[in-house]
Structures are given as structure tokens and as C-alpha cells.
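These are my notebook entries on a single model.

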Amino acid sequence: MVGYHKDDPMNTEQKLVAGVFSGIMTRFITQPMDVIKVRAQLIKKPKKSILRIGRKILTEEGKLAFFQGHMLGQVHSILSVSSQFYVYELTTAYASEILPQNTINKSVVSLMCGAWAGCVSTTLVIPLEVIRVRQILLHDQYAGLLRGAKKVYQTGGILAFYEGLSASLLQMGPAVGISFTTFRIVQQLILRQFETEACTDKQKRTGDCSTAKGNLHKPQNLMIASSIAGSIAGFVSKTLTYPFDLAKRRLQIGSHISDTKYKIPSQVAQLAQCKKLTDCFIKAYQKEGFPGFFRGWIANVLIIICAVKSKIMKKSSMSNNAMGSRLRSDLSRYKSPYFRIRYY
């Protein structure tokens with residue numbers, strides 16, 4: 001499990017490696033759809049379907065365009081996972097030491113530590129995210145880490161690397177809270193269903209299923225419940241906080257100035273840019289009404305589906321090796337949803 005827990009059979013290094021590997025695989029699988037989502041959020045012409053956007057990218061820029069910014073995205077994933085993991089481990093360990101064990105509310109502590117870890121990680125890695133978003137739009141102009149950083153600095157100075165930070169931080173708190181709450185509710189509902197199914201006919205008639213409660217912690221049941229709960233939690237939190245994601249992307253190109261020396265795809269010749277968070281929301285509503293806050297949302301849903309499938313495949317392969325047997329023995333104690341839902 002993630003976070004500090006006494007007698008945890010997985011050490012810190014093992015949990016970190018597992019988290020990093022999961023992030024890398026998820027990023028690779030969802031990269032093409034992420035490119036489409038970013039384009040959908042930032043092109044100025046409204047009401048373009050993701051199919052039309054994808055077809056335009058393919059015909060005008062080629063297949064490799066779907067992997068523009070991918071290498072920087074992988075670096076972003078590794079640093080993001082590592083920093084979140086490190087801060088989450090530190091804060092949960094510190095909380096377990098200073099808070100009385102008999103009064104500590106583990107759910108609240110996990111929620112607060114998760115939100116803090118997310119905010120710290122976002123602040124650390126957002127410069128890479130700004131460069132990556134611009135590479136997705138105009139790869140020639142922002143190609144490479146060093147040239148991309150130079151171009152960002154030339155158009156907006158050092159503060160340009162932190163464009164969109166306000167929207168990211170405002171999104172982080174509600175997203176973690178919604179994810180955590182949804183995960184807990186859905187997981188418990190599914191586990192109660194497993195408990196009911198484990199009751200014998202006699203127990204059901206008497207209403208006493210206390211002897212079946214051990215079924216709640218069977219590894220396969222907890223894995224199913226956590227996977228479904230994590231998927232639903234990711235979907236709900238991403239949907240409810242999506243307007244902040246849209247604003248973040250438009251802020252991240254706020255200082256961008258197109259350079260005619262470089263190739264500019266026709267699709268991104270005109271971009272939806274803004275320099276203030278409130279302006280992003282006002283402009284989105286004025287142009288498209290309420291649906292304007294959810295431009296590119298369909299692509300976001302598909303990204304979540306791809307992420308869920310990659311996790312399920314990873315769990316299936318894990319169950320067939322030695323490491324999987326060790327993890328399965330500990331699954332019955334897994335309670336924190338934070339790192340399970342973080343990648344969606």
C-alpha cells in the first residue's frame with residue numbers, strides 16, 4: 001500500500017518503482033488521445049469533433065504527430081510520480097508520529113496528505129508541462145527540451161514556465177477530495193455486495209452474515225472492488241473539475257507567440273489563449289455557453305478508459321508472477337485510494 005504503514009511488506013523502493021512503471025505505461029498508451037484532447041481544448045474553432053481533429057493531424061502532420069511531446073511527457077510522469085510519492089510518504093509518516101493513534105482519522109489524514117503531495121508535485125513539474133503542451137501544438141518551434149525552454153522564456157520570461165499553475169492548484173484540492181470520497185463509497189458498496197453473496201441461505205434468513213465478513217478481504221474481491229471504484233472515482237473527479245483543466249491549458253499558452261520561421265499546422269494557426277483564470281472562463285462561456293467548459297471532454301473520457309484497461313492488464317500479468325503473489329497477500333490491507341486513482 002502507498003503511504004506510511006507499520007509492518008508493510010513492500011519497502012519504499014518497491015512501491016516507488018511500481019508507481020513509476022505504471023505511470024510510464026499509462027502515458028504511452030494514452031499519448032495519442034492526449035494530443036487530440038489538447039488540440040480540442042486549444043484550437044479557436046469550436047464544435048470540431050475529436051474524429052475530425054485526429055483525421056486532420058494524421059493527414060497534415062503524419063502519425064508521429066500523435067507522439068509530439070511524448071518524451072518530455074515521460075520525464076514529467078517520472079518526476080511527478082516520484083515527487084508525489086516522496087511527499088506522500090513523508091507526510092503520512094509525520095502524521096502517524098505526531099497524531100494520537102486512538103484519535104487519528106486515517107481517511108482525513110490520507111486525503112490531506114494526498115492533496116498536499118499533489119500540489120507540491122504540480123508546482124515542481126509544471127514548467128515541463130508548459131513546454132510539452134506547446135510541443136504538442138507547434139513541435140517545430142518548441143522542439144527539444146532546451147530549445148523549447150528557450151522559446152518559452154523569450155516570449156514570457158521566467159513566469160511563463162508557471163502559466164496555468166493557479167488553475168492546477170485550484171483543481172488539485174477538489175479533484176483529490178472528490179476522488180477519495182467517491183472511491184470510498186463505491187468500494188464499500190461493492191464489498192458489501194461480496195459479503196451478501198458470501199452469506200448462506202440460513203444466514204440470509206436470520207440476517208446474520210457476520211461469519212462471511214472475511215470474504216471482504218479476499219485479494220480477488222478487493223482487487224475487483226478497488227479497480228471499479230478507482231475507475232468511477234477518476235471519471236467523476238475528472239468530469240467535475242474539467243473546466244479547470246481547460247483553463248489550465250489555455251493559460252499555459254498565454255504568452256505564446258507564433259514564429260513564422262517554423263511550420264505552423266493549419267489546425268493551430270489560431271489558438272484560444274488567455275492570461276487570467278477568470279478570463280478563460282468568461283471567454284469560454286461567451287463563445288460556446290456552458291458546453292464550452294467541456295471542450296475535449298470526450299477525449300478525456302477515452303483517456304480514462306485506456307488508463308483503466310492498462311491497469312487491469314498490469315494486474316493480470318502481476319498475478320502470474322512471484323511479485324504478484326507477494327502483493328496479493330497484502331491486498332486485503334490496501335485502503336488508500338490516492339495512488340490508485342491518481343493517473344486517470
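Is Cys274 buried or exposed? I found that Cys274 counts as buried because its relative accessibility is 4%; buried means under 20% relative accessible area, exposed over 50%, and partly exposed in between (1.4 Å probe, protein chains only).

I note that this is a predicted model, in which local features need pLDDT of at least 70 and side-chain atom pairs count only at pLDDT 80 or more, while totals for chains, interfaces and linings use all residues. Residues are numbered from 1 along each chain as its sequence is written, and side-chain values use heavy atoms, with hydrogens and water left out.

Entry on cysteines. I searched the whole structure for disulfides (pairs of cysteine sulfur atoms within 2.5 Å) and found 1. It joins Cys274 to Cys280, with an S to S distance of 1.8 Å. The link of Cys274 and Cys280 is right-handed, with 75° about the S-S bond. Cys280 is also buried, at 4% relative accessibility. I also looked up Cys113, which is buried at 7%, and Cys119, which is partly exposed at 21%.

Entry on cores. I took a nonpolar core as a set of buried Ala, Val, Leu, Ile, Met, Phe, Trp, Tyr and Cys residues joined through side-chain atoms within 4.5 Å. The largest has 29 residues, of which Leu42, Ile57, Leu137 and Val152 touch the most other members. Helices H1 (12-42), H2 (50-61) and H4 (106-137) each supply at least two residues of this core; helices are DSSP runs of H or I, at least four residues, numbered from the N terminus. H4 gives the largest share, 7 residues. A second, separate core of 9 residues includes Val186, Phe194, Ala225 and Ala229.
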